[in-house]
Amino acid sequence: MTKWVYAFGAGAAEGGAAMKELLGGKGANLAEMSALGLPVPPGFTLTTEVCNAYTADRKTYPPGLAEQVAPALTRVEELVGMRFGDATNPLLVSVRSGARASMPGMMDTVLNLGLNDETVAGLARHSGDERFAYDSYRRFIQMFGDVVLGVEHHHFEEILELHKEDRGVVLDTDLDAGEWRKVIGEYQDKIVEITGVPFPQAPEDQLWAAIGAVFESWMNQRARTYRRLHDIPADWGTAVNVQAMVFGNMGADCATGVAFTRNPSTGENAFYGEYLVNAQGEDVVAGIRTPQHLTVKGKQDNHAELPAMEEIMPEVFGQLMEVRERLERHYRDMQDIEFTVQRGTLYMLQTRGGKRTAGAAIRIAVEMVAEGLISKEEAVARIEPGSLDQLLHPTLDPNAERQVVARGLPASPGAASGRIAFSADEAETRSTTGEAVILCRVETSPEDIHGMHAARGILTTRGGMTSHAAVVARGMGRPCVSGAGELRIDYRSGVMRVRGHELKAGDTITIDGGTGEVMLGQVPTVQPELSGDFVTLMGWADAFRTMGVRANAETPLDAETARGFGAEGIGLCRTEHMFFEAGRIVAVREMILADNGEERRKALEKILPMQRQDFVELFKIMKGLPVTIRLLDPPLNEFLPHGEAELAQVAEAMGVPLELLRARKLKLDETNPMLGHRGCRLGITYPEIYEMQARAIFQAAAQVFKASGETVEPEIMIPLVALRKEFEILKELVDEAARTVEEIEGVKLKYLVGTMIELPRACLRAGDIAESAEFFSFGTNDLTQTTYGLSRDDAASFIGVYEQRGIIAQDPFISLDVEGVGELVRIGVERGRATRPGLKLGICGEHGGDPASIRFCQEVGLDYVSCSPYRVPIARLAAAQAALAAKG
């Protein structure tokens, strides 16, 4: 028979901390604290399996559950000396959720359950405090009414506020027992008015209804959203904990509080928390009364006037300090604890690993290593790699006021304020005068690159987390909010409309790329500061990892940023981004308009010295580290203007007829350019383009070698190869360019020629391609597109529905689809290395900065991952964790 119920309390427990999957975090830790002998009110846990059975069976409890709950409840009665439903000495219980992953505030709780019109009188007599008893009853009606019966909270608050106004008081504690009786009567009337049925009086009915409501809260909207944001599977379910109530609202010798064993904001080894005298737990977080600090130091640091617990309850505070020490030593981590003091006796209601900022997490981990609590390996393993984003980008001042007018996708972390610019040219022009600019577009294209670079942040109304705007912004370290669908941008009138606001070019807005929020006006930001603890932890991570970490970079700023964050080379330099710069776009367009190879070469000769200088700067910054340069990839029409007015402007600037430009653009237009004339296909049909790029690379390598004596080993990557013959034709072109430069410059060049594996056919024929290719870099952005037959820029409109309906666990453009795309990568690795055992293998798609994808890269044996500069520390940490996990 399935065991559905696990008891805890009185120094014993049927479960323990290792049973989080079954008992949830709260239940497992209540059991663990009970077994440790800490003062935990007795109770029992209904497992996560009950939740899943209840949900799957249309809100029906599994057979045998009631038969297990009954003896568990009897045990609680015996331990506390009270009877559930007894009119003279009633046992009251709390009913709380508890998933295996902490989801604070996302699910529901019911306190003081077991009270009714009879038992409240028994509680008053037994406690000797009538006011306390009726206060507890009104709290129960309010919570049960909201959570179980669906009577919204504000109905009860209105009744309560009117009573306080009538009495001329501000605090709930100023109402006496008589007033609470009146409030209770009106609460019950309101429930009848809204639901049509009276408030339930049978404690057993209350209990089962509350248990069901808490299970159902696992599927409420806020819980679903939280799970989606934190990648928590829906099938985990939540446990429910039924526990004897202890009361912090019985008088001046009672209190309730929340504490962290260390400061969750800074990581300082100092007891941190708040409490309230004569209150219940929800009062601390509800903000109805001002909480007081636990310690004198906390009181002084915050210039508070109310007394600290250390001052007015020194004995209980001392006990709490002992519990703090025991829990930290036992769990070997900072704990978030909840407690109640009932008539001078301390009770522990919860402990869990405390939520903390990234900076605090690092400090705590490093200091716990120094204290001998954990090993360096554990310190590295317990930091969430993605949390490092908090440390690497400016963030909004948490104390600043903000007026949020729209929300989009948090596409690139960091925060920025600036004046609105609706075009890339406008952004660039404004920035040259020193203005901070936010580039606001319906969507961005590669032609906007100069404006994106000039802007402090980027805001789009369309596109997903892997749209052009998102990918480029992350690479540049620019904050970006994409897909903010509430916004309406009218380029013609130069207005952006949202929620009744009309924002014009030059108006100031603030965006938060970490939350997706768009705000009016300027909100102050806080610049990141990397601590010595960060350097220490990353040093340990580097010692443990076996994969290299490179960066995707094509500008000196990108490259310097990447090196500053510890990149070990450039894994992807996208040369097309260099073509959009103001000094060379005209020559690029001349090349595109040319009718033959000779004219194209003339135009390309103008670009060559600029490309060469680009590579010289990158090679100098990288100081001998590998630099992987992808030859031109996008279709040529991306370099031509799109609108009629822009076409006319470019035609005039180039001195060519508008008709010629329009005809050439029409000829280059494709139905599906992503699968069209791009990548190596351009190199085959227009070999002079790749020839120029190869010469620029080798000339730059020779120039840097002659100037510094430092060997430069470029890795030249040919994109979108599907056929071995494509690669061999272009490799010969590159080799010929190298021979020419060697002869002219009198140097011997070291270089590799490889390919970007981004098509399913290339994975399947990797053994064949590896006969000629000296390295592979898996371009998982396009490999995902071509495997799924899905455009990443268009997928945002429906991919969320797929996630919500459980069709996919996660957007495959954010985290690698291991089963499908991953299988192709695995085949490519195995077949490539079977042909060429020393084949260098890497990944350079957006997945190179995703911790889950990095784990897969470790499993299949890649040599390195490459990601945007600002994700390099994240990748370093994730690679270390993957290596440690592989060791077991």
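Student: Which residues touch the most other members of the largest nonpolar core?

Tutor: This is a predicted model. Its largest nonpolar core holds 146 residues. Helix α28 (residues 687-708) supplies the largest share of this core, 11 residues. The residues that touch the most other members are Phe619 and Phe698.

Student: What does Phe698 touch, not counting residues up to four places away in sequence?

Tutor: In soluble globular proteins, nonpolar side chains tend to be buried together. With residues up to four places away left out, the residues touched by Phe698 are Ile716, Val734, Ala737, Ala738, Val741, Leu749 and Tyr751.

Student: How many residues are in the second, separate core?

Tutor: Val110, Tyr137, Met143 and Ile159 are among its members. This second core is separate and has 67 residues.

Student: Is Leu682 buried or exposed?

Tutor: Leu682 lies in helix α27 (residues 680-685). Apart from neighbours within four places in sequence, Leu682 is in contact with Leu632, Asp633, Pro634, Leu636, His677 and Pro687. Buried means a relative accessible area under 20%. Because its relative accessible area is 2%, Leu682 is buried.

Student: What distance separates the C-alpha atoms of Leu682 and Glu165?

Tutor: Along the chain, Leu682 and Glu165 are 517 residues apart. The separation of their C-alpha atoms is 78 Å.

Student: Which are the edge strands of the open sheet of 5 strands?

Tutor: The strand order is β11-β10-β9-β12-β13, and the pairing is antiparallel. An edge strand here pairs on one side only. The edge strands are β11 (292-293) and β13 (345-353).

Student: Which helix packs on that sheet?

Tutor: The helix touches β12 (335-342) and β13. Its direction makes about 30° with that of β13. The helix, residues 314-331, is α13.

Student: What is the bridge partner of Ala255 in β10?

Tutor: Strand β9 (residues 255-260) pairs with strand β10 (residues 272-277) in the antiparallel sense, over 6 bridges. Within β10, the partner of Ala255 is Val277.

Student: By what angle are neighbouring strands of the open sheet of 8 strands turned against each other on average?

Tutor: This sheet has mixed pairing and the order β15-β25-β24-β17-β18-β19-β20-β16. Its edge strands are β15 (404-407) and β16 (409-412).

Student: Which residue of β24 is the bridge partner of Ser417?

Tutor: Strands β17 (residues 415-421) and β24 (residues 508-512) pair in the antiparallel sense over 5 bridges. In β24, the partner of Ser417 is Thr510.

Methods
Residues are numbered from 1 along each chain as its sequence is written. This is a predicted model: local features need pLDDT of at least 70, side-chain atom pairs count only at pLDDT 80 or more; totals for chains, interfaces and linings use all residues. Side-chain values use heavy atoms; hydrogens and water are left out. Two strands pair if DSSP finds at least two bridges between them. Helices (H or I, at least four residues) and strands (E, at least two) are DSSP runs, numbered from the N terminus. Contact means heavy atoms within 4.5 Å. Axes are lines fitted to C-alpha atoms, for helices over the stretch in contact, and angles run from 0 to 180 degrees between N-to-C directions. A nonpolar core is a set of buried Ala, Val, Leu, Ile, Met, Phe, Trp, Tyr and Cys residues joined through side-chain atoms within 4.5 Å. Buried means under 20% relative accessible area, exposed over 50%, partly exposed in between (1.4 Å probe, protein chains only).
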